[in-house]
Amino acid sequence: MMTVSGSLDGASEMVYLKGAVEAVLSKCRYYYVTDSSTPSLDTKTKEVITNRAIESAKKGLRVIAMAYGFAPKDVNAEAKDLIFCGFQAIVDPPRKGVAHAVASLHSAGVQMVMITGDAEPTALAIARELGLKVSPIAGDGKTSSSSCMLGSQVDQLSERELIERVPSITVYARTTPRHKMAIVRAWQMRGAIVAMTGDGVNDSPALKMADIGISMGKSGTDVAKEAADVILVDDDFSSILPAVEEGKSIFYNIQNFLSFQLSTAVAALTLITLSTLFKLANPLNAMQILFINILMDGPPAQALGVDPVDKEIMKRPPRRKDEPVLSNRLLIRVGFSATMIVLGTLFVYIYEVGDGSLSKRDQTMASFPLIAPCSR
């Protein structure tokens, strides 16, 4: 970022520059020692500055370089031959509870990806502190981790190549809004449901593109909040964890509700159909069928639909985006439960009518196997 303080003469103006160390150094020709001493910035000095910056970045510090100088007043002219002032290493630790949330989301099968404008060493140090899955850096300390990709490397890949690479990349460093959008699009092309978190103007395009855009309520800009689908009023990333738990719980509670209702309904229908086909007396009268469907099935099914969140639910893998509520596994559960209920009811029914006559007591006894599953 460059700031212009005003014109000193008719041809040039004073500028102040801050940004990534490598970007600022590329525009500098001198470095600051004192007000009266600004020696030439040679290659060796640049290497010393860069190494010091990398050492700070490896500790998880955010490094920002600064420079000043003069630039032509022409708006199309580029600021160059600036004076390098130094760099500042800033501590920006992860918030409390984020590492626990990341671990829980990993156990639930959610793949976490960090996209940042920070330098690669800083991004990797923070990623390891959070527990993100990153491969180690080579022993020379200079070779990049295979789990990290720079924004410049994203530009060199075609859309198809990026789609193939994104599953193995956990950290993206030195990125721009364009890179964030490309990464979100690549995951969506793989059929993934993408949730994007951010708080700045630079995050808003990706927040808008993601399936679920999540903005920060306190530190987030108005642009980010407008682009997001969800706003975290407490700016706490760990708030996402109970939201995921609740979402999974609602889906599986709906399946439990349907499993219970369908199994008893299918069992009752199958029982009546079989008794009709085999020309047996009706094992259930109309009042018993209404009693079972309205009083004995309704309240227990409703209770299953509002069950509290099961802590083990986060260990289940994410479901596919197009997975139906009535899955094959659910239908098998319904079929198995209905079969057990029908067999139990037929056993009691045949035992009770063994004397050759069907009384009200026999019908009542036959209805008990259908009522019993309501206590599940």
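**Reading a predicted model: contacts, helices and cores**

Of the contacts in the chain with a separation of 6 or more, 60% are between residues 24 or more positions apart. The model is a predicted one.

Colleague: How many helices and strands does the chain have, and what share of the residues is buried?

Modeller: The chain contains 14 helices and 11 strands. Of its 376 residues, 38% are buried.

Colleague: Why is S259 counted as buried?

Modeller: The limit for buried is under 20% relative accessible area. S259 has a relative accessibility of 4%, and therefore counts as buried. This serine is found in helix 10.

Colleague: Which residues does S259 contact, leaving aside its neighbours within four places in sequence?

Modeller: They are L330, R333 and V334. Contact here requires heavy atoms within 4.5 Å.

Colleague: Why are helix 2 and helix 4 called roughly parallel?

Modeller: The axes of helix 2 (residues 43-58) and helix 4 (residues 120-130) cross at roughly 15 degrees. Angles under 35 degrees count as roughly parallel, and the two helices are therefore described in that way. Their axes come within 7 Å, and the crossing is right-handed.

Colleague: Which residues meet where helix 2 and helix 4 are in contact?

Modeller: From helix 2 come I54, A57 and K58, which meet P121, T122 and A125 of helix 4. The residues of this contact comprise 4 nonpolar, 1 polar and 1 charged.

Colleague: What makes a set of residues a nonpolar core, and which members of the largest one touch the most others?

Modeller: The members must be buried residues of nonpolar kinds, joined through side-chain atoms within 4.5 Å. The largest such core has 27 residues, and M114, L132, V171 and F237 touch the most other members. Two or more residues each come from helix 3 (98-107), helix 4, strand 8 (171-173), strand 10 (212-216) and helix 10 (240-277). Helix 4 provides the largest share, 5 residues.

Colleague: Which residues does F237 touch, not counting those up to four places away in sequence?

Modeller: F237 touches V98, A101, V102, L105, M112, T197 and L232. Another core, of 19 residues, lies apart from the largest one and includes Y172, A186, M196 and A224.

Colleague: Why might one expect nonpolar side chains to be found together?

Modeller: In soluble globular proteins, nonpolar side chains tend to be buried together.

How values were computed: Residues are numbered from 1 along each chain as its sequence is written. This is a predicted model: local features need pLDDT of at least 70, side-chain atom pairs count only at pLDDT 80 or more; totals for chains, interfaces and linings use all residues. Side-chain values use heavy atoms; hydrogens and water are left out. Axes are lines fitted to C-alpha atoms, for helices over the stretch in contact, and angles run from 0 to 180 degrees between N-to-C directions. Helices (H or I, at least four residues) and strands (E, at least two) are DSSP runs, numbered from the N terminus. Angles under 35 degrees count as roughly parallel, over 145 as roughly antiparallel, 65 to 115 as roughly perpendicular and the rest as oblique. A crossing is left-handed if the near helix is turned anticlockwise from the far one by less than a right angle, and right-handed if clockwise. Ala, Val, Leu, Ile, Met, Phe, Trp, Tyr, Cys and Pro count as nonpolar, Asp, Glu, Lys and Arg as charged, and the others, Gly among them, as polar. Buried means under 20% relative accessible area, exposed over 50%, partly exposed in between (1.4 Å probe, protein chains only).
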